[in-house]
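Have the viewer open as you read.

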Amino acid sequence: MESLERIIAEQPFVEGLESYYLQLLVGCARNVVFEAGHTVFREGEEAHEFYLLRHGKVAIEIHAPQRPPIVVETLADGDVLGWSWLIPPHHWRFTARAVTQVRAIALDGKCLRTKCEANHDLGYELLKRFADIMSRRVDAARYQVIDVYGGGVNQ
Amino acid sequence: MSPDDPMLPVAYRVEKVTKETRDTFTLVTRRVDRAPRHAFEPGQFSMLYVCAVGELPISISGDTADKQNLTYTVRSVGQVTNQLVSLGVGDTLGVRGPFGVPWPVEEARGKDVVVVAGGIGLAPLRPVLYHILRRREEYGRLVLLYGARSPQDQLFRKELTQWSQAPESRVLTTVDYGGVNWHGHVGVVTTMFRYVRLRPERTIAMVCGPEIMMRFVARELETRGVERSQIRVSMERNMKCGCGFCGHCQYGPDFICKDGPVFSYDRIQSRMEAYEI
Ligand SMILES: Cc1cc2nc3c(=O)[nH]c(=O)nc-3n(C[C@H](O)[C@H](O)[C@H](O)COP(=O)(O)OP(=O)(O)OC[C@H]3O[C@@H](n4cnc5c(N)ncnc54)[C@H](O)[C@@H]3O)c2cc1C
Ligand code: FES
């Protein structure tokens, strides 16, 4: 069986991370599988974990009364799902649903926060990586709201 | 005047009309006088004249190997395009051209080709895909990233599935708004780069879509190490003559109809990032 450490080491999120820090992550990690249709987390719930997606697709949804959920984004192999574990008050802002069967590594947020408080170098490494993901997602969300394919001549 | 006079429209008859999406139709047309159709290269456009309505530039979206027909995919956005998509089988239209600088399919030989399209931008790139897939062994990896507003706005859906099954080819499609029954990707086309590993030193990219999308895509390609000179984009401006006489399509020192529409990104990057050109 593949060791958890090997599996995590293959994830783009930890590329270039020193093995000492990788060990610290492994101590907070476990393998998870979600079947298609399973709600991974729900808006408003406490954010205990985040996920490194190995295989499968997850939809990030906003729920509104009297209308079907709106899928704002999908994430897939190699993506990181969730950062609310890092930011107080540690509650999910969106709902995440498995679109297909999903295999992922779940990382325990409390465990990691404790390690980051004790080891600021680890905290800084993780923050830099999350800042990169967040800035890319903000860019993508901005492009989405301007209806980027709608324009034509002279736009 | 000879029928090859670039200012003189030649009559073509509509042979077939396919509804691609709610506002986009593909017209297959054939010369009325039964002479060989105009020769074209992938990325070139024709000036299409609809009697009593007007004339406008439309890219050829068909296969260069189809020796009988010229095929166009038109999105209805205004007066002339509305009329074009209302044409039925047997109706005629005037065709001038083809005009313009084509996609660099020869230069791309031996390289990995990344094709990025947004919305109607897939139409001018379809001849490139036909060209490469027919000569698969002459090119490296083929990646097609295609973004549309919604699943219903995706063009050429059957062909997208076929292309994804070709050897050494990766087709990733995404939409801005999916709905819960959509099982594909949701997010703008730039987010699809996460799922492909590029070999930037041997990659050439061809990008077509609204200008704003092409800018974002070019930036993403640069971030991933693809040189500006290896990124080609297709520009749109309003046109009149289509062949470099009238100056209507002037874009800085270039005329889009004659020096483009396909440009190397290093040539026009600063203009694309400036306002009001
Ligand atoms: C080289 C080149 C190749 C082209 N290839 C194609 C093609 O393959 N298929 C195709 O459908 N179109 C293509 N176009 C765009 C097409 O020529 C224009 O959509 C057309 O000129 C619009 O004319 P119209 O009379 O229908 O609209 P107009 O009456 O001139 O415009 C109506 C409204 O629509 C807006 N508008 C105009 N064009 C667009 C557009 N493209 N998208 C969104 N809004 C627009 C205008 O700003 C205006 O508000 C190409 C343009 C160029 C320069
Ligand atoms: S349209 Fe006349 S010069 Fe380009």
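A polar contact here is a pair of N or O atoms within 3.5 Å; within protein, one must be able to donate a hydrogen and the other to accept it, and residues adjacent in sequence count only if both atoms are side-chain atoms. With that in hand, look at Thr81(B): an N or O atom in its side chain sits 2.4 Å from an oxygen atom of ligand 1. On its own, ligand 1 has 900 Å² of accessible area, and the protein covers 76% of that (Shrake-Rupley method, 1.4 Å probe; for residues, only the protein chains shown count as cover).

Before going on, some housekeeping: this is a predicted model, where local features need pLDDT of at least 70 and side-chain atom pairs count only at pLDDT 80 or more, while totals for chains, interfaces and linings use all residues. Residues are numbered from 1 along each chain as its sequence is written, chains are lettered from A and ligands numbered from 1 in the order in which they are written, and side-chain values use heavy atoms, leaving out hydrogens and water.

Now for the rest of the shell. There are 21 residues around ligand 1, and Pro57(B), Thr73(B), Arg75(B), Val80(B) and Thr81(B) come nearest (a residue is near if one of its heavy atoms lies within 4 Å). Both chains A and B contribute residues around ligand 1, so the site is shared between them. In chain B, strand 4 (54–59), strand 5 (69–75) and helix 1 (79–86) each supply at least two shell residues, and strand 4 of chain B gives the most, with 4. Helices (H or I, at least four residues) and strands (E, at least two) are DSSP runs, numbered from the N terminus.

That brings us to how the chains meet. Contact, meaning heavy atoms within 4.5 Å, links 27 residues of chain A with 32 residues of chain B. About 2,700 Å² is buried between chain A and chain B, with 53% of it from carbon and sulfur atoms; buried area is the accessible area (1.4 Å probe) that two parts lose on being put together, summed over both. Tyr143(A), Gln144(A) and Tyr149(A) supply 28% of what chain A buries against chain B, more than any other three residues.
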